[in-house]
Amino acid sequence: MVDSSLVVAARKCADLTQEEAALISGISTDSYRSREQNPGDFRVREIEKLASGISKPAREILKNAFTSIFLE
């Protein structure tokens, strides 16, 4: 299970609002908010877009959030 607090932490580390993160991810703000609360609903392409649009430290947090799926 993906820890939603890590997804939020990655966005905040990148100094982005939910609206800005949604724009980078290519989805609506409402969809982004929903996915941030339920990160398992993110599509791979959305995560790729988000990761490519944020800073390296924020990418590391995001990576840790989603790699946790495979470590449990």
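1. A residue is called buried when its relative accessible area is under 20%, exposed when that area is over 50%, and partly exposed in between, with a 1.4 Å probe and protein chains only. At 0% relative accessibility, tyrosine 32 therefore counts as buried. The model is a predicted one, in which local features need pLDDT of at least 70 and side-chain atom pairs count only at pLDDT 80 or more, while totals for chains, interfaces and linings use all residues. Residues are numbered from 1 along each chain as its sequence is written, and side-chain values use heavy atoms, with hydrogens and water left out.

2. Aromatic pairs come next. Rings of Phe, Tyr and Trp (its six-membered ring) pair if their centres lie within 6.5 Å, and planes under 30 degrees apart count as stacked, over 60 as edge-to-face and the rest as tilted. By this rule there are two aromatic pairs. In one of them, the ring centres of tyrosine 32 and phenylalanine 42 are 5.8 Å apart and the planes stand at 70°, so the pair is edge-to-face. Because tyrosine 32 lies in helix α3 (residues 29-37) and phenylalanine 42 in the loop between α3 and α4 (44-52), this pair ties together parts that are ten residues apart in sequence. Helices here are DSSP runs (H or I, at least four residues), numbered from the N terminus.

3. Phenylalanine 42 is itself buried, with a relative accessible area of 9%. The rings of phenylalanine 42 and phenylalanine 66 have centres 6.0 Å apart and planes at 85°, so this pair, too, is edge-to-face. The pair links distant parts of the chain, since phenylalanine 42 sits in the loop between α3 and α4 and phenylalanine 66 in helix α5 (residues 56-71), 24 residues apart. Phenylalanine 66 has a relative accessible area of 13% and is therefore buried.

4. Arginine 35 is found in helix α3 and, with a relative accessible area of 11%, is buried. A polar contact of 2.7 Å joins its side chain to that of glutamate 46; such a contact is a pair of N or O atoms within 3.5 Å, of which, within protein, one must be able to donate a hydrogen and the other to accept it, and residues adjacent in sequence count only if both atoms are side-chain atoms.

5. Isoleucine 69, in helix α5, is partly exposed, with a relative accessible area of 41%.

Terms used
Helices (H or I, at least four residues) and strands (E, at least two) are DSSP runs, numbered from the N terminus.
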